[in-house]
Amino acid sequence: MGRAAAGWFVLLSSVAEAAGVQERTAARAERFEALRRAFERASGGGAASDEERMQVIARVFHHRNRIALELVELAEEASDDPIALDALTTAVWQVNTTPWPIEVAGEDPARGRAFALLQRDHLRSDRLGPLCQRVSSGFCGEYETFLRAVLDENPHDAVRAQACVALAHFLKNRRQRIDLVDEQPELAREFEGLYGVEYLAALRGQERAQADAEAAALYERAAADHGDVKLPGGGTVGEQARAGLFELRHLSVGKAAPDLEGEDQEGIRFKLSDYRGKVVLIDFWHQY
Amino acid sequence: MKKLKDRPFALIGVNVNGYDPAQLKAAMEKEELGWRSFADPGPLGRGPITVSWNLTATPTFYLLDHRGVIRRKWVGGSGGAVLDSAIERLLREAEGRGSPR
């Protein structure tokens with residue numbers, strides 16, 4: 001009788017526990033959804049003057065940094081809930097490397113905590129692909145550390161594939177940002193404010209050829225080891241890697257530009273090489 | 001860049017919206033853009049030129065010298081003064097006045 005009663009008691013409490021977990025999970029899902037929507041709403045537009053534009057940007061950054069902190073707190077509480085990784089992925093949002101002054105952009109206190117949590121709880125997840133893609137266009141040191149850790153430790157082939165090509169993109173893009181700072185030293189102040197004085201100095205001291213060589217090696221590895229892995233946005237890792245390699249080998253300063261051929265806005269066929277003998281500025285543009 | 005009319009310079013656009021030439025012409029008239037642009041038909045950002053040049057951000061600029069060599073590259077825009085002085089230096093090379101860097 002004692003044992004049966006104990007069994008009954010255990011059953012009831014585990015049902016109650018399960019119901020409690022479901023309630024908590026549902027509540028967290030709602031909270032994440034609310035934060036995600038608030039995050040999306042925090043965008044600005046329609047500013048007329050430069051000063052107004054800076055004010056809009058400052059508001060957006062401040063708002064998003066605040067929401068990012070709440071997302072990190074949600075992830076901290078819910079470390080065993082899949083929603084934690086969704087929250088952290090949304091919290092890592094500064095992947096645009098426009099060098100806004102630090103007075104406008106403000107500090108991002110969520111970033112360090114987000115990556116500490118990612119390192120501690122999520123490094124072996126099979127859902128890290130989107131975050132790898134997202135940080136590949138960023139500049140922060142934490143993004144490089146994270147991508148290298150995923151590449152080394154994640155057991156899922158598809159995730160390692162995305163981390164490999166993302167790290168190659170990251171190194172290539174970051175080097176292009178440094179070229180910009182070398183050309184316009186007055187931008188150094190903005191980059192230092194956003195990312196750190198020592199970090200920027202270390203990057204500027206790095207040999208360009210070495211940074212590009214590592215990116216090329218990672219692209220080659222991605223194409224060779226993971227070429228067929230499909231990407232969520234379409235295409236394969238192999239295609240992205242080969243495009244990155246093409247850019248490093250043929251579209252860098254000092255290379256003869258590949259020829260371009262197509263129709264202009266009048267339907268007339270022409271080539272870039274038609275303009276040999278002239279200085280040419282190629283402008284890739286899009287209409288909003 | 002308006003003063004470059006009589007100098008060996010060309011501004012060539014590549015539109016990445018994926019418009020065909022007729023759509024591109026309409027868009028350029030609406031935006032009041034006069035310079036020659038390649039149409040790159042296909043899904044937005046996925047036309048053959050945009051894909052093969054691995055575009056990740058607009059605007060992206062490539063500055064070529066008169067021999068077709070890439071001398072500068074700016075992904076995601078650049079300051080106007082930097083662009084102007086870079087163009088000027090390459091124009092002098094093309095005109096035989098400057099010394100190559």
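Five strands form an open sheet in the order E2(B)-E1(B)-E3(A)-E3(B)-E4(B), and the pairing is mixed. Its edges are E2 and E4 of chain B, each of which pairs on one side only. The model is a predicted one.

Within this sheet, strand E3 of chain A (residues 279-285) runs parallel to E1(B), and 7 bridges join the two. Along this pairing, A:Val279 is opposite B:Phe9, and A:Asp283 is opposite B:Gly13. E1(B) also pairs with E2(B), again in the parallel sense, over 2 bridges. Here B:Gly13 has B:Ser37 of E2(B) as its bridge partner.

## Burial of strand E1 of chain B

Of the 7 residues in E1(B), 5 are buried, so the rest of the structure largely encloses this strand. A residue counts as buried here when 20 or more other C-beta atoms lie within 10 Å of its own.

## The contact between chains A and B

Chain B puts 49 residues into the contact, and chain A puts in 37 residues. On the chain B side, the elements that give two or more residues are strand E1 (9-15), helix H1 (21-31), strand E2 (37-38), helix H2 (48-52), strand E3 (60-64), strand E4 (70-75) and helix H3 (80-94). The most comes from E1(B), with 7 residues. Sorted by class, the side of chain B that touches chain A consists of 30 nonpolar, 11 polar and 8 charged residues.

## Nonpolar cores

The largest nonpolar core has 56 residues, and those touching the most other members are A:Leu88, A:Ala91, A:Leu147, A:Leu167, A:Ala168 and A:Ala222. Helix H8 of chain A (residues 157-183) supplies the largest share of this core, 10 residues. Leaving aside residues up to four places away in sequence, A:Ala91 touches A:Ala68, A:Leu71, A:Val72, A:Ala110 and A:Ala114. A second core, separate and of 28 residues, includes B:Tyr19, B:Phe38, B:Ala39 and B:Val75.

Helix H3 of chain A (residues 83-91) has 8 of its 9 residues buried, so this helix is largely enclosed by the rest of the structure. Those buried are A:Ala84, A:Leu85, A:Asp86, A:Ala87, A:Leu88, A:Thr89, A:Thr90 and A:Ala91. Among them, A:Leu88 and A:Ala91 are also listed with the residues that touch the most other members of the largest core.

## Domains and the last helix run of chain B

Chain B is split into domain 1 (9-54) and domain 2 (56-101). Taken over C-alpha atoms, the centres of these two domains of chain B are 21 Å apart.

H3(B) is a helix of 15 residues that spans 21 Å between its first and last C-alpha, close to the 21 Å expected at 1.5 Å a residue. Just after H3(B) comes B:Gly96, with a positive phi of about 80 degrees.

Methods: Residues numbered from 1 in each chain as written. Chains lettered and ligands numbered in written order. Predicted model: local features only at pLDDT ≥ 70, side-chain atom pairs only at ≥ 80, totals over all residues. Contact = placed C-beta atoms within 7 Å. Helix = DSSP H or I, 4+ residues; strand = E, 2+ residues; numbered from the N terminus. Nonpolar A, V, L, I, M, F, W, Y, C, P; charged D, E, K, R; others polar. Pairing = 2+ DSSP bridges. Expected span 1.5 Å × (residues − 1). Core = buried A, V, L, I, M, F, W, Y, C linked by C-beta atoms within 7 Å. Buried ≥ 20, exposed ≤ 12 C-beta atoms within 10 Å, placed from the backbone. Domains from an automatic or database assignment.
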